[in-house]
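The sequence and structure are shown first.

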Amino acid sequence: MINPTLDEIAAHCKQAINMALNKDGETSYTLSFDVRATEKDLKFIFYSPSALLLNQELYNRLTSIISTNAYPYFTVFPQPSPLLVPWETDNIHKARAWAFPWKRGISKRLVINDVDSFLDLNAKDGNIWLMKNYCVNINSLTSVAIMGLSGSGKTILTKWLNSNAARMGKIITIDPKGSKDLVWWARDNNQEIIYPSQDVSKSDFLSKVNDKLSQVLQLVYQRHSEYLQSHANVNKKFLPVVVTIDELSALTTGANKRIVDSFFSLLQTITLLARESNVHLVLISQELDAKTIPTSVRSQCNLRILMGLVNSKSCQYLFPDYDVSSIVVPSGVATGIIQKINSNDVPAITPFLAPTVKGW
């Protein structure tokens with residue numbers, strides 16, 4: 001596939017915008033706006049004062065137009081509000097523009113034929129590869145939220161995250177369903193697994209989980225104490241500890257309210273305090289509403305993945321501030337959207353294809 005130039009892409013998007021806005025009587029032919037493309041974004045330079053109603057609705061509409069017409073050469077990242085940037089010109093009427101961030105190409109799935117060989121080569125320096133040319137670093141994570149209906153690919157993705165993190169530190173997996181995938185993964189990799197036995201009630205099992213989370217919290221406090229003892233320890237690096245909790249709703253449904261409240265309190269404290277001590281939570285559920293996870297915990301998750309159906313309803317918990325209708329979600333199994341939030345990257349929502357691991 002021959003990639004068009006930036007000028008060709010800009011001209012193509014301008015034509016599409018002209019056709020969409022023509023009914024409003026505002027086009028580039030009447031000098032109402034212009035379109036320019038760079039490697040990092042496409043800019044919609046509008047004439048001000050403008051007859052166009054420059055609001056969130058128009059910005060979202062333009063995002064959808066640009067996203068569709070730039071595909072598959074660029075992936076456009078929707079924004080929670082219009083991104084207004086200055087435009088260098090001597091013309092006061094054209095000194096500002098809307099920016100639509102994008103990146104070249106589209107998301108592509110990793111296909112892994114040999115897990116051990118891949119991890120030997122790539123699970124280094126804290127990097128976890130999730131797609132081709134897309135990775136996250138465990139040292140920059142606070143917590144991870146994964147949401148999707150049954151059969152959307154959450155379990156295999158969880159095994160992949162655990163497999164990477166196990167090369168770097170310790171994994172504690174809590175599985176209220178006792179699924180064979182996670183239980184046998186933990187056993188095969190000599191990692192800790194907590195799952196219910198047949199004669200244990202929901203409340204008893206959740207109490208056992210709370211005991212383990214209390215131990216994790218004590219580790220957090222211990223590590224805090226170590227790096228606060230002296231200036232020499234401030235930049236001390238601890239081995240990662242990842243607590244993976246599968247199907248949160250199954251863990252809390254039917255359990256004693258007091259025990260559930262204690263569980264939520266532990267999640268909140270660990271999430272808020274654990275990053276500097278390199279302790280992380282991976283929280284998985286079909287729903288991540290306030291009954292399943294405290295809102296403060298959900299908001300602290302800086303890696304968010306939605307698997308399966310992507311629409312305004314399914315995105316209301318992980319991506320409440322975004323209009324996701326402009327995202328071109330890949331077809332096929334184990335797909336969705338992903339967002340990583342840190343100080344180094346634009347917090348972009350990106351189409352996601354979970355890795356395919358042969359033999360799993």
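The model is predicted, so local features need pLDDT of at least 70 and side-chain atom pairs count only at pLDDT 80 or more, while totals for chains, interfaces and linings use all residues. Residues are numbered from 1 along each chain as its sequence is written, and side-chain values use heavy atoms, with hydrogens and water left out.

**Sheet and helices**

Helices (H or I, at least four residues) and strands (E, at least two) are DSSP runs numbered from the N terminus; two strands pair if DSSP finds at least two bridges between them. Eight strands form an open sheet with mixed pairing, in the order S11-S10-S12-S13-S9-S14-S15-S16. Strands S11 (192–194) and S16 (349–353) stand at the edges with a single partner strand each, so one side of each is left without a neighbour in the sheet. On average, neighbouring strands of this sheet are turned by 15° against each other, direction ignored. Within the sheet, S14 (residues 301–307) and S15 (residues 335–340) pair in the antiparallel sense over five bridges, and Leu303 stands opposite Lys340 in S15.

Axes are lines fitted to C-alpha atoms, for helices over the stretch in contact, and angles run from 0 to 180 degrees between N-to-C directions.

| Helix | Strands crossed | Angle |

**Cavity**

A cavity is a set of points on a 1 Å grid over the protein atoms alone where a 1.4 Å probe fits but cannot get out, and lining residues have an atom within 4 Å of a point. A volume is the space filled by probe spheres set on the points, which are joined across faces, edges and corners. One cavity of 30 Å³ or more is counted; the largest cavity has a volume of about 90 Å³. Its lining includes Leu161, His280 and Leu303. H4 gives the most to this lining, with three residues.

**Salt bridges**

A salt bridge is a side-chain nitrogen of Lys or Arg within 4 Å of a carboxyl oxygen of Asp or Glu. The whole structure holds nine salt bridges. Glu39 forms one with Arg104, with the closest N and O atoms 3.0 Å apart. Glu39 lies in the loop between S1 (33–37) and S2 (41–46) and Arg104 in S5 (residues 96–104), so the pair ties together parts that are 65 residues apart in sequence.

Note on methods: On a 1 Å grid over the protein atoms alone, a cavity is a set of points where a 1.4 Å probe fits but cannot get out, and a pocket is an open set with protein on both sides within 12 Å along at least five of seven lines; lining residues have an atom within 4 Å of a point.
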